[in-house]
Structure formats: C-alpha cells, structure tokens
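I opened this entry to look up the overall build first.

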Amino acid sequence: MVVWDLAVVGAGPAGLSAAYAAARAGVRTVVLERAVHPRYKTCGGGLIGTSLAAVGDRIEVPAHDRVDRVTFTRDGRRGFTRHHPGPLVTMVRREEFDDRLRAAAVAAGVEVRERVAVRAVEQEPEGVRLRLADGSAVSARAVIGADGSSGVTARHVGVRHRQVDLGLELELPVPPGERDRWRHRVLLDWGPLPGSYAWVFPKADLLTVGVIAARGAGERTRAYLRAFVDRLGLAGIEPAHDSGHLTRCRTADSPLRRDRVLVAGDAAGLLEPWSREGISYALRSGALAGRAVADGDLAGYERAVTAELLPSMRAGHRLLDVFARRPEVFHGVLATPPGWRMFVRFCQGTASFDETLTRAPVRAALALLDRLPAKGRAPA
C-alpha cells in the first residue's frame with residue numbers, strides 16, 4: 001500500500017490551503033473530498049483583506065463584486081450608509097473560489113481524489129490509516145482534517161464547541177434593476193434575537209441573503225429571514241438555493257491535534273465569533289497546518305494557532321457579548337467615525353479585533369457598557 005506523507009480530509013479552503021503549503025515544500029500529499037468540484041457551498045462568500053492576502057500569490061480571485069459601501073440597520077430601522085474609497089469586501093461564489101484553490105493545489109503537485117468519503121480515522125505507530133466508505137483505506141504519515149465541524153476528524157481529535165449558531169441563506173437571481181440597487185453595497189441588519197444579524201451580499205446577477213442566530217431558536221430565526229426578505233421587497237423571487245448550516249466555534253481549551261492528526265478551519269472550530277467569518281481562519285489555519293507537517297513539527301501548529309489566531313477569537317467573543325446585550329449601542333457606535341474606522345480596518349485586514357480592543361478609548365467604552373443593564377429586545 002502507498003503511504004503518503006500527508007493525507008488531507010476535505011477540499012475546502014482549509015484543506016486545499018494545507019495541501020498547497022505542504023506540496024510546495026515537497027511533501028507528497030493527497031486530498032480526499034466526498035463531493036466533486038465545483039460544488040455549491042452555503043456561505044456568504046465575502047472575502048475580507050486577510051483572506052485576499054492569504055491567496056494573493058496562489059490564485060486570481062473570481063470576484064463578482066467589490067463592495068465599498070455598507071448600509072447598517074437595526075431590525076429594519078435607524079438605517080445609515082457609509083462609504084470607503086477602495087474595496088472593503090470582495091464577493092465570490094464559493095463553487096468558483098474553491099475550485100480555483102483546487103486547481104492551484106493540483107498545480108503544486110497535490111493529488112485530489114473526489115467522491116471519496118472518509119468513515120474512520122485510525123492512529124498507528126508510524127502514521128494514520130483512513131477507512132473509506134468503499135471499504136478501502138488510505139495511509140499517511142500525518143493527516144490534516146478539514147472536513148467541517150461535524151466531520152470525522154473533528155470527532156477523532158475531540159474538538160469541543162462553546163458557540164453554535166444556525167445560519168440560513170438564500171441565493172436569489174435578480175433582474176437588472178435589483179443588480180443596480182445592490183451593486184458595490186452590502187446591507188447588515190442587527191436582528192431581533194440576541195447576537196443575530198442578517199445580510200445582503202451582491203454577486204452580479206445573484207444576491208446572497210441570509211441570517212444567523214444562536215442555535216435553539218430555529219423558528220424565530222426562520223421568521224427573521226422571512227421578514228427580512230419581505231422588507232427588502234425580494235419575497236417574490238424564487239431562490240436558486242435555499243439552505244442552512246450550523247457554525248461551531250471552539251472552546252478555548254479545545255484540542256487542535258491528536259498525535260498525528262491535526263484539524264484546521266471549521267473542523268477545528270476556528271472562526272471569528274462575532275461576525276462568524278470563517279474563510280480567513282480556514283485559509284490561515286490550513287496553511288499553518290501544512291507548513292507544520294512540512295517542517296516535521298506537528299506541535300508547532302498548535303503554537304502557531306495559539307499565537308496568530310486565538311487572540312482575535314477571544315476579542316470576537318468579547319464583541320459578541322457586547323453586541324448581544326446592547327445591540328442598539330453597538331449600532332450607534334458604528335455610526336461614529338471611530339466605530340466606522342474599526343469596521344473598515346476589520347474588513348481590510350489592517351487591524352485585528354484584539355489589536356482594536358487594546359486601545360484605551362475602546363477599553364473605556366467596553367468598561368462602561370459592562371456597567372449598563374442589557375436592553376436587547378426579547379425575541380419575537
């Protein structure tokens with residue numbers, strides 16, 4: 001049996017970034033993916049500056065819009081729009097974006113096997129054996145799991161989650177008039193459920209419209225999406241896709257590795273807790289994991305994630321706590337020049353949330369908010 005240096009489970013941004021980084025360093029790498037590219041993926045598809053930097057030397061990003069304006073509303077009211085010269089977010093369709101990443105990995109020497117489902121992970125003295133759905137097996141000296149938060153590798157490593165959210169999303173084909181209305185503009189609506197928000201992302205002839213809220217309020221989350229779409233005048237459009245997914249954010253002490261198996265991206269529960277932005281975390285953690293395998297230092301992956309990704313996640317939890325308790329204050333802060341600058345820096349990847357929260361005015365504002373009682377409206 002062929003023993004690979006590295007087997008990667010999952011061909012999304014995390015898995016393909018891991019495979020690309022490892023293969024470029026001379027690691028014999030195979031990727032196992034249960035679907036076939038290009039495949040639809042439920043995802044807003046907004047790339048912030050951090051994501052663009054992570055793939056800039058790898059692919060030409062298949063952009064369908066570049067956003068320079070953001071409209072903010074508080075459950076449909078108190079709306080305001082801010083503009084920034086130069087793009088804030090680049091909109092992609094995940095089937096195209098992921099397929100570009102696949103092609104780059106293949107060009108780097110990666111073997112990508114599609115329609116391959118991994119059913120079990122078995123640690124061995126000198127490596128790892130992956131049991132496949134067809135009864136065969138793949139052996140490798142190391143494995144990187146990037147098969148999602150509910151995948152087999154996350155279960156094997158023992159990833160634990162502190163935050164689980166339900167995201168619902170529609171892909172709406174829109175006529176030219178609607179395209180003009182939304183071109184270069186995103187709408188973010190802070191919703192009626194604690195910690196919830198909705199969005200409209202433009203992608204040429206498609207609009208991605210969605211909501212996200214804590215799991216456990218499924219019907220109220222669906223009602224929020226229906227009300228949001230109706231309020232926008234989009235209720236009569238038949239969706240090209242109507243889907244939902246759970247996002248899971250790791251506990252602070254959740255493992256990133258079990259012996260020779262590492263997990264990255266969603267499989268590791270790595271995402272920004274407030275916005276639930278996960279693509280940048282997938283791209284960066286995947287690359288860190290691939291380089292750790294190439295260096296022969298698997299523990300180095302844990303150190304790198306702890307140093308480079310977890311501080312921003314802790315700050316994101318802090319922001320989510322403030323947002324869930326006082327959404328109207330959060331909305332008001334974004335209307336101020338300092339609040340808008342903070343949002344711009346996040347979008348452009350020029351400052352992380354942990355860096356922002358160390359600034360004296362921000363620390364003082366958060367301390368004041370901590371002393372105020374929660375005033376978020378009760379769920380409808």
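**Whole protein.** I am working with a predicted model. I looked up the secondary structure and found 13 helices and 18 strands. Next came the radius of gyration. The protein has 21 Å, and a compact globule of 380 residues would have a value near 21 Å, so the two agree. The C-alpha atoms fill a box of roughly 65 × 45 × 40 Å along the principal axes.

I checked burial: 57% of the 380 residues are buried. Among contacts with a separation of 6 or more, 75% join residues 24 or more positions apart. The accessible surface is about 15,700 Å², and carbon and sulfur atoms hold 51% of that.

**Charge.** I noted 55 positive and 43 negative side chains. The centres of the two sets lie 5 Å apart.

**Strand β14.** I then turned to β14, residues 197-203. How many of its seven residues are buried? Seven are. Which residues point which way from β14? Tyr197, Trp199, Phe201 and Lys203 point one way, while Ala198, Val200 and Pro202 point the other way.

**Its partners.** On β13 (residues 185-190) I found four bridges to β14, in the antiparallel sense. Leu188 stands opposite Trp199 there.

Conventions:
Residues numbered from 1 in each chain as written. Predicted model: local features only at pLDDT ≥ 70, side-chain atom pairs only at ≥ 80, totals over all residues. Heavy atoms only, no water. Helix = DSSP H or I, 4+ residues; strand = E, 2+ residues; numbered from the N terminus. Rg over C-alpha atoms; globule rule 2.2 N^0.38 Å. Buried < 20%, exposed > 50% of the residue type's maximum accessible area, 1.4 Å probe, protein only. Contact = heavy atoms within 4.5 Å. Areas by Shrake-Rupley, 256 points an atom, 1.4 Å probe, with all protein chains shown as cover. Lys, Arg positive; Asp, Glu negative; His and termini not counted. Charge placed at Lys NZ, Arg CZ, Asp CG, Glu CD. Pairing = 2+ DSSP bridges.
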